Amino acid sequence: MTETLLEIDHLSVDYETGRGDLKALRDITFDVNKGEIVGIVGESGCGKSTLISSILRLTAPNTRFREGEIRFKGQDLLQASERHMRDLRGADMSIVFQDPMQTHNPVLTIGQQMLDIQHRSKQSKADKLAHAAKMLGAVGIPDPEARLKQYPHEFSGGMRQRIAIAMALMSEPDLLIADEPTTALDATLEVQIIERLQELQREFHCAILFISHHLGVIAELCDRVVVMYAGAVVESGDVREIFHDPKHPYTRRLIECDPGHIKERARVLPTIPGEVPDLANLPEGCIFRDRCDQAMSRCATEVPPLDQLKEGHHAACWLNHEEVTT
Amino acid sequence: MSLLNVVGLKTSYGPVNVLAGVSFTVEPGETYALVGESGSGKTTVIRAIAGLAPAQDGSVTFEGQEIRGAPESVMRPLRKDMTMMFQDPVGSLSPRLTIRSLITEPYRIQGMKDRDLDAEAKRLLEMVNLPTHFADRYPYQLSGGQARRVGVARALALEPKLILADEPTAGLDVSVQGELLNLLNDLRERLGLAMVIITHNLSVVRHVADRMGIMYLGRLVEEGTTETIFNDPRHPYTRCLLSANPEPDPDARLERIALKGEPPSLLKRPSGCEFRERCPFAKDICTQTPEWEVNSGHGLRCLAPLS
Ligand SMILES: Nc1ncnc2c1ncn2[C@@H]1O[C@H](COP(=O)(O)OP(=O)(O)OP(=O)(O)O)[C@@H](O)[C@H]1O
Ligand SMILES: Nc1ncnc2c1ncn2[C@@H]1O[C@H](COP(=O)(O)OP(=O)(O)O)[C@@H](O)[C@H]1O
Ligand code: SF4
Ligand code: SF4
Ligand SMILES: [Mg+2]
Ligand SMILES: [Mg+2]
């Protein structure tokens, strides 16, 4: 039976700015089940990082939680104490960032940093080092005992990212959040990281929330996909349905734009003309309307709700409504 | 005459041989892609061409003129014809300058005082499809895609014949990436621009490059037309690289050929074929050193090429 680990429930988050409130997230709803890999895709600025920092409660000072709940193992994180959040972040949920140097302290050896992460553990130093070496081995770093004595700059970019993953998994979290962890890497390293994450997921059964705008990586790694546009979920569902039978024009265009989809050399690559609307000054009606090639008259005035089209597949577009009603 | 002719280019930092003899040519109007794992020396190649990294040996000729190791007094006027485009062209520039100042800075650097900078700014913004009122904006007021366009405008200000572009689309959304590549393709046709492009996105290479070179440990191991390389890769390393391209299809049958281990240290280059320890197709003969061989435009450095 699937057990829900993380529930994002009608979450709305604003940033207070000089120009008024910027509605960075609006009515976000989706779940992550235990042991599941969920991908979040969307253009830059669509709110992916805001969502993650909200889950971790590491938001910028001008953040306002307007509405909704974030429940982790049933508990509302937005109501939890600072102290409780700190405990959760080290133990039950952890994060891997885009730039591994953000994780590593350049003046400490990898071994020292891996010891520091275990400061809460009562084990002896030797046991902690052994655990660190075991985790480095698990992410495919050869000769881990010797490597613990080295500094971050002595590793290649791909190794540093794998070490960041090892560190994130030290506490055997139930949820691993990865914010574009492969964007800075070349394709061979990217593939290594994906394969490693899949193995680790099987071995440690942690759920992974994987943020990326690389559709190839999402298609390969994830069980389910949440598509975000301009601060809202426009579609979510099983990875196969999203890629083979998208029910929102934005999802469809996003997939069409991926050059990996176009096998013949194209002189002109498809794009989605236009820009994400100003979130401090939201347009009426469907948020995607001025870029949508299928917009109808009602799209200009009415916001399409996120409908369940079938078990586990949701989309927010009036086109699906026409189908349902006719 | 080729626009750019690189022969046996070598770069070392102290004992580390980063480039161990790189050779390739770029014709006018041609796009040439360099691909290879992180650390294989791609950035060093284009930095050495531009005179921004040392090059102890070999030759680089641009329009017939030898420029390897040329002093800044020779390189500066050439930067008019040969410009570099970086991954984050705007982020690395002063946030206090307006877009107008940023894109017309090359004229000031070249001391071209007779230019009407307002008119040039307008022309450049139009060329990259940005509204002309963007001239008064500051970098932080641009989206990622717009910022890249400003980077292109700046690189094109002096109407170069060659652009050296290092990961110009890394980190961009697919739609914005498509826009930028369309823009570059378009300018290439209209202005006859040639380009050396480094990217780790092989799908991008397939759409923009006429020819491509695959680098390993500071050397080319295979080179050919993009079509040939994608349809008929002969070098095992190329095969591995091409198979490591995640497809945007959850049901794609991936016949992935795993690369074993990490690239060896440049301080301990393996004997024989330098790819030998990681090569899934290595034979006994591979303890010998493979030579660079060219057959009808397809270059290869392998003793047991795949068919
Ligand atoms: N200034 C330097 N001093 C010493 N070593 C250097 C220097 N610049 C580059 N290197 C080394 O030269 C090798 C090639 O580096 P280069 O930046 O050209 O790789 P690349 O192919 O562009 O990799 P990536 O895909 O990661 O950008 C690497 O081993 C790198 O560590
Ligand atoms: N501290 C902040 N103050 C004001 N606006 C912000 C802040 N952080 C992010 N934003 C804005 O919120 C929106 C979503 O940003 P972000 O979550 O970083 O998107 P993504 O990670 O998907 O690129 C963007 O419009 C961004 O400019
Ligand atoms: S609701 Fe209308 S405008 Fe919005 S995505 Fe659907 S068809 Fe396009
Ligand atoms: S020479 Fe041998 S080891 Fe080297 S790439 Fe060719 S087959 Fe592999
Ligand atoms: Mg982000
Ligand atoms: Mg580089």
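This briefing describes two protein chains and the surroundings of one ligand. The model is predicted, and the values below were computed from its atoms. Chain A has 326 residues and chain B has 307 residues, and the radius of gyration of each agrees with that of a compact globule, as set out below.

**Chain A**

- Chain A is built with 11 helices and 12 strands, and its C-alpha trace spans about 70 × 50 × 45 Å along the principal axes.
- A compact globule of 326 residues would have a radius of gyration near 20 Å, and because chain A has 21 Å, its value agrees with that expectation.
- Of the residues of chain A, 54% count as buried, while its accessible surface comes to about 14000 Å², with 50% of that surface belonging to carbon and sulfur atoms.
- Among the contacts in chain A with a separation of 6 or more, 63% are accounted for by residues 24 or more positions apart.

**Chain B**

- Chain B contains nine helices and 12 strands, and along its principal axes the C-alpha trace spans about 65 × 50 × 35 Å.
- For 307 residues a compact globule would have a radius of gyration near 19 Å, and the 20 Å of chain B therefore agrees with the rule.
- In chain B, 56% of the residues count as buried, and of an accessible surface of about 12900 Å², 48% belongs to carbon and sulfur atoms.
- Residues 24 or more positions apart make up 63% of the contacts in chain B that have a separation of 6 or more.

**The shell around ligand 2**

**Polar contacts of ligand 2**

- A polar side-chain atom of A:Ser49 lies 2.7 Å from an oxygen atom of ligand 2.
- Backbone atoms also take part, for a backbone N or O atom of A:Gly47 lies 2.9 Å from an oxygen atom of ligand 2, and a polar backbone atom of A:Cys46 is 3.2 Å from an oxygen atom of the ligand.

Technical notes. Residues numbered from 1 in each chain as written. Chains lettered and ligands numbered in written order. Predicted model: local features only at pLDDT ≥ 70, side-chain atom pairs only at ≥ 80, totals over all residues. Heavy atoms only, no water. Polar contact = N/O pair within 3.5 Å; in protein donor to acceptor, adjacent residues only side chain to side chain. Helix = DSSP H or I, 4+ residues; strand = E, 2+ residues; numbered from the N terminus. Rg over C-alpha atoms; globule rule 2.2 N^0.38 Å. Buried < 20%, exposed > 50% of the residue type's maximum accessible area, 1.4 Å probe, protein only. Contact = heavy atoms within 4.5 Å. Areas by Shrake-Rupley, 256 points an atom, 1.4 Å probe, with all protein chains shown as cover.
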